[in-house]
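Student: I have a model open and want to learn to read it feature by feature. Where do we start?

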Amino acid sequence: MNQILVPICLFLTTLGFSQGVSFQRVNEFYLHGDSQVIGNNILSSDPKIPYNRPRGINDQTEMVYVDIDNDPDTFSSSSANLSIPAKSKIKYAGLYWAATYPGAVGKQKSRGGRIFYDLKKKRDRVFDLVQLKIPGSKEYTQIQGELVYDGMIDANIDLKNAAPYVCYSDVTKLLAESSTVSGSYTLANVTALEGEMYGGSSAGWMLYVIYEDEKAPLQYLTSYSGFRYIGTEKTEELEFKNFRALSNGAVKTSLTLAGLEGDLALSKDIASIYSAKQQQYIPLKSKVRLATNFFNSSITRGDKKYLDRVPNSENTLGFDLAHIKISNPNNDVIRNDATSVKLQFKTEEDRLFVFFSAFQTEISTSFYQNVIIEGKPDTINEEQKKIESNPSEEIKIENTILKERSDDLKDMINAESIAIPDLESGYYVINHVFARSVNADKWAQKMREQGYSPRQFIRSSNNYHYIYLDFDTDPDVLYKRLTTFRTNKDLKKAWMLKINLD
């Protein structure tokens with residue numbers, strides 16, 4: 001079976017955006033197969049007992065770590081069960097963990113009739129290092145995460161105070177080499193704030209798996225990660241492309257979404273899909289997720305709550321993980337031969353942190369054979385039609401691509417400058433950020449072995465170790481060199497950081 005993987009970089013934070021980090025594609029696949037997602041929360045009112053109060057919210061709950069493994073060497077742990085067809089082949093597995101972590105412990109206090117929150121202990125543990133136990137293993141495997149986002153160093157005061165973070169690790173090799181993939185997965189030592197904080201603390205983890213199965217339909221699957229702060233004044237949109245839906249029959253698609261702060265008792269947070277027929281966004285919903293309260297502190301699959309986990313809390317207190325099939329009667333939402341799908345997030349009452357989105361759809365066999373395998377133009381592609389009928393459209397499309405690239409550069413130029421003593425003012429190509437010096441040193445050595453000249457600096461506000469490979473006072477000139485760096489698979493995560501320019 002021919003299957004194609006198109007590797008795309010995981011976008012790391014530029015550490016200065018006012019609304020978090022933009023969603024960027026992690027990867028995309030064209031194959032006969034499917035996806036599964038599992039996960040669990042890591043904070044609750046009790047270490048082991050499921051939390052099932054239907055109206056309980058994390059704002060009013062004194063949080064403690066969930067810890068179910070009876071292992072004195074771990075401080076937090078929860079598990080979830082994965083089930084995939086016996087003869088399927090793991091093609092990708094992405095592990096994410098996320099939490100609010102302004103400090104170790106918080107406490108609500110009252111003075112003069114006014115409620116305020118006191119941070120009893122500052123951050124006291126690294127959060128990019130966790131332990132994963134897979135089926136068939138009695139021991140944990142240490143997982144070093146990549147920092148996707150850390151609100152502690154965001155310019156937005158709300159994000160700085162809540163200090164949410166997201167970490168990611170590609171664990172494909174670990175699962176692909178395992179003799180037992182289906183079964184119980186336990187993630188331990190996910191770090192979060194215990195106690196109380198403004199807005200409530202929340203935490204959880206997820207494992208997103210793509211597998212090849214010859215009996216499954218031909219599908220396009222893609223995943224995106226980032227961190228978007230969805231408030232009452234701003235919507236967020238995400239567009240999925242690079243596919244063509246079935247030319248005939250029902251178009252079947254699904255989404256996987258993950259976020260923090262989707263309180264059950266606070267409504268009006270909405271995830272919507274754009275309807276080509278109605279030319280407007282249509283709210284997503286299921287029997288366990290209302291259209292007007294989509295993010296509702298639960299872990300769900302389709303029309304059911306996913307409870308094959310320990311603890312199996314029905315209310316996950318601010319952590320949301322959803323796999324949902326898009327309702328598409330008569331293909332009114334997503335039409336035959338559709339080449340893009342748009343998703344929108346918004347809230348009218350509460351704040352919402354969305355950090356993961358995945359999309360999949362059955363695709364046209366001719367599209368796969370002609371475009372993906374043989375590289376021929378897609379005859380259904382509307383942009384291609386415009387070029388064929390009017391060559392000047394090619395210039396317009398190329399200008400659009402250039403504009404998108406300039407927007408990428410513009411975001412980095414407009415990001416907040418950070419202060420680093422003894423560094424020359426200008427723009428730096430950052431390749432990686434580490435919480436621990438030993439990991440930074442290992443990465444720097446790897447870069448030297450590839451012929452680069454990596455250098456490091458430590459940012460005093462967070463004590464992170466930054467690896468940079470290049471510098472220039474002209475951002476346009478440096479951006480051109482950045483695009484060359486990104487052709488190396490180990491440097492696709494590189495970005496430009498503005499230093500000492502305020």
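**Reading the salt bridges**

Tutor: Lys-493 and Glu-146 are both buried. Keep in mind that this is a predicted model.

Student: What does Lys-493 form with Glu-146, and how far apart are the closest N and O atoms?

Tutor: The general idea comes before the case. Side chains of opposite charge can pair when their charged atoms come close. Here Lys-493 and Glu-146 form a salt bridge, with 2.4 Å between the closest N and O atoms. Lys-493 sits in the loop between helix H7 (475-485) and strand S30 (495-499), and Glu-146 in strand S11 (residues 146-150), so the pair ties together parts that are 347 residues apart in sequence.

Student: How many salt bridges does a search of the whole structure find?

Tutor: The search finds 15 salt bridges. One of them joins the side chains of Asp-320 and Arg-289, at 2.7 Å from N to O. This pair also links distant parts of the chain, 31 residues apart: Asp-320 is in strand S24 (residues 319-325), and Arg-289 is in the loop between strand S20 (280-283) and strand S21 (299-301).

Student: Why does Asp-320 count as buried?

Tutor: Compare its relative accessibility with the cut-off: buried means under 20%. Asp-320 counts as buried because its relative accessibility is 1%. Arg-289 counts as buried at 1% too. Salt bridges can also share partners: Lys-109, Asp-118 and Lys-120 are joined that way into one network.

Student: What about Glu-236 and Arg-228: how do their side chains meet?

Tutor: They meet in a salt bridge, 3.1 Å from N to O. Glu-236 is buried, with a relative accessible area of 11%. Arg-228 counts as buried at 8% relative accessibility.

**Reading a helix**

Student: Now a helix. What should the 13 residues of H6 span?

Tutor: Take 1.5 Å a residue, multiplied by one less than the number of residues. For helix H6 (residues 437-449) that gives 18 Å, and its end C-alpha atoms are 18 Å apart, which agrees.

Student: Which residues of H6 are buried?

Tutor: Asn-439, Ala-440, Trp-443, Ala-444 and Met-447 are the buried residues of H6. Look down the helix axis: they fall within an arc of 135 degrees, so they line one face of H6.

Student: Which exposed residues are on the face of H6 turned away from its buried side?

Tutor: That face carries Lys-442 and Glu-449. What covers them includes strand S10 (141-144), strand S27 (426-434), strand S28 (455-459) and strand S29 (464-472). Then step past the helix: Gly-451 follows H6, with a positive phi near 95 degrees.

**Reading a sheet**

Student: In what order do the four strands of the open sheet stand?

Tutor: Read the partners across the sheet. The order is S28-S29-S27-S30, with antiparallel pairing. S28 and S30 stand at the edges with a single partner strand each, so one side of each has no neighbour in the sheet. From one strand to the next, the twist averages 50 degrees.

Student: Over how many bridges do S27 and S29 pair?

Tutor: They pair over seven bridges, in the antiparallel sense.

**Reading the backbone**

Student: Which backbone angles deserve a look?

Tutor: Look for exceptions. Most residues other than glycine have a negative phi, and most peptide bonds are trans. Val-310 and Pro-311 are joined by a cis peptide bond, with omega about -10 degrees. Pro-311 is in the loop between strand S23 (309-310) and S24.

Student: Where is Ala-163 found, and is Ala-163 buried or exposed?

Tutor: Ala-163 is found in the loop between helix H1 (157-162) and strand S12 (164-170). Ala-163 is buried, with a relative accessible area of 0%. Its phi is positive, about 50 degrees, although Ala-163 is not a glycine.

Student: Where does Asn-242 lie?

Tutor: Asn-242 lies in the loop between strand S17 (236-240) and strand S18 (253-260). Asn-242 is not a glycine either, yet has a positive phi of about 65 degrees. Asn-242 is partly exposed, with a relative accessible area of 32%.

Technical notes: Residues numbered from 1 in each chain as written. Predicted model: local features only at pLDDT ≥ 70, side-chain atom pairs only at ≥ 80, totals over all residues. Heavy atoms only, no water. Helix = DSSP H or I, 4+ residues; strand = E, 2+ residues; numbered from the N terminus. Buried < 20%, exposed > 50% of the residue type's maximum accessible area, 1.4 Å probe, protein only. Arc of directions from axis to C-beta. Contact = heavy atoms within 4.5 Å. Salt bridge = Lys/Arg side-chain N within 4 Å of Asp/Glu carboxyl O. Pairing = 2+ DSSP bridges. Axes fitted to C-alpha atoms, helices over the stretch in contact; angles between N-to-C directions.
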